[in-house]
Amino acid sequence: MKKSKLLVLVLVLALIAGAIAGCSGRTSAFGVVDMEKVAQNSDQIKGMQAEMQKKIAELNKEIEDAAKAGKTDEEMKQLQTSKEAELRAFGERLQNEFRENLEKYMSEVSKEKKLGAVLIKQGVAQGGIDITDDVINKMKAQPAAPAAK
């Protein structure tokens, strides 16, 4: 009786170990991406910066026009607060769009190179396969998406 229980336990443990090893489907190799290099070489980042500058100029003009129109101090404070919130929301949309695209490109490169994970290079002390240039090349190969409005 003891032998059969022990045999069943050993078989169950072996099955669990086999299932865990077989279900991973990916290697233990991991990639790293240098975010500073991506930011420096990304046309999308440069486009986002230009869009932000354009939006800032547009909102400043609206505020200046309101001041010239003789708005009260209270109305100007409300307008300023409203425009700051609008700018923040615009910036967040741009950042989210960039992050989604970046994650898509990192995932594509990860699948192509059969990597188990991709980490930010600045957070990794050593090791990993640097896929930064591959991600940048993927980003450059894609047409620029229209900026958030």
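Alanine 29 counts as partly exposed because its relative accessibility is 29%, where partly exposed lies between buried, under 20% relative accessible area, and exposed, over 50% (1.4 Å probe, protein chains only). The model is a predicted one, in which local features need pLDDT of at least 70 and side-chain atom pairs count only at pLDDT 80 or more, while totals for chains, interfaces and linings use all residues. Residues are numbered from 1 along each chain as its sequence is written, and side-chain values use heavy atoms, with hydrogens and water left out.

Alanine 29 sits in the loop between α1 (2-23) and β1. Helices (H or I, at least four residues) and strands (E, at least two) are DSSP runs, numbered from the N terminus. Not counting residues up to four places away in sequence, alanine 29 touches Leu115, Gly116, Ala117 and Ile129, a contact being heavy atoms within 4.5 Å. Alanine 29 and glycine 127 are 98 residues apart along the chain, yet their C-alpha atoms are separated by 9.3 Å.

Now for the chain as a whole. Five helices and three strands make up its secondary structure, and from the N terminus on the order is α-β-α-α-α-β-β-α. The protein chain has 149 residues, of which 23% count as buried. Among contacts between residues at least 6 apart in sequence, 84% join residues at least 24 apart.

Helix α3 comes next. This helix has 26 residues and reaches 37 Å from its first C-alpha to its last, close to the 38 Å expected at 1.5 Å a residue; the expected span is 1.5 Å times one less than the number of residues. The buried residues of α3 are Gln44, Ile45, Met48, Lys55, Leu59, Ile63 and Ala66, and they pack against α2, α4 and α5. Glutamate 51 is also found in α3 (residues 43-68), but it counts as partly exposed because its relative accessibility is 21%.

Glycine 91 is one of the buried residues of α4, and the others include Met76, Lys83, Phe90 and Leu94. What covers the buried residues of α4 includes β1 (30-33), α2 (35-41), α3, β2 (117-120) and α5 (132-141).

How do α4 and α5 meet? Two packed helices are described by the angle between their axes and the distance between the axes. The axes of α4 and α5 come within 9 Å and cross at roughly 120 degrees; axes are lines fitted to C-alpha atoms, for helices over the stretch in contact, and angles run from 0 to 180 degrees between N-to-C directions. The two helices are therefore oblique to each other, since angles under 35 degrees count as roughly parallel, over 145 as roughly antiparallel, 65 to 115 as roughly perpendicular and the rest as oblique. On the α4 side the contact includes Phe98, Leu102 and Tyr105, and on the α5 side it includes Asp134 and Val135.

Lysine 114 follows α4 and belongs to the loop between α4 and β2. Most residues other than glycine have a negative phi. Lysine 114, although not a glycine, has a positive phi of about 55 degrees. This lysine is exposed, with a relative accessible area of 60%.
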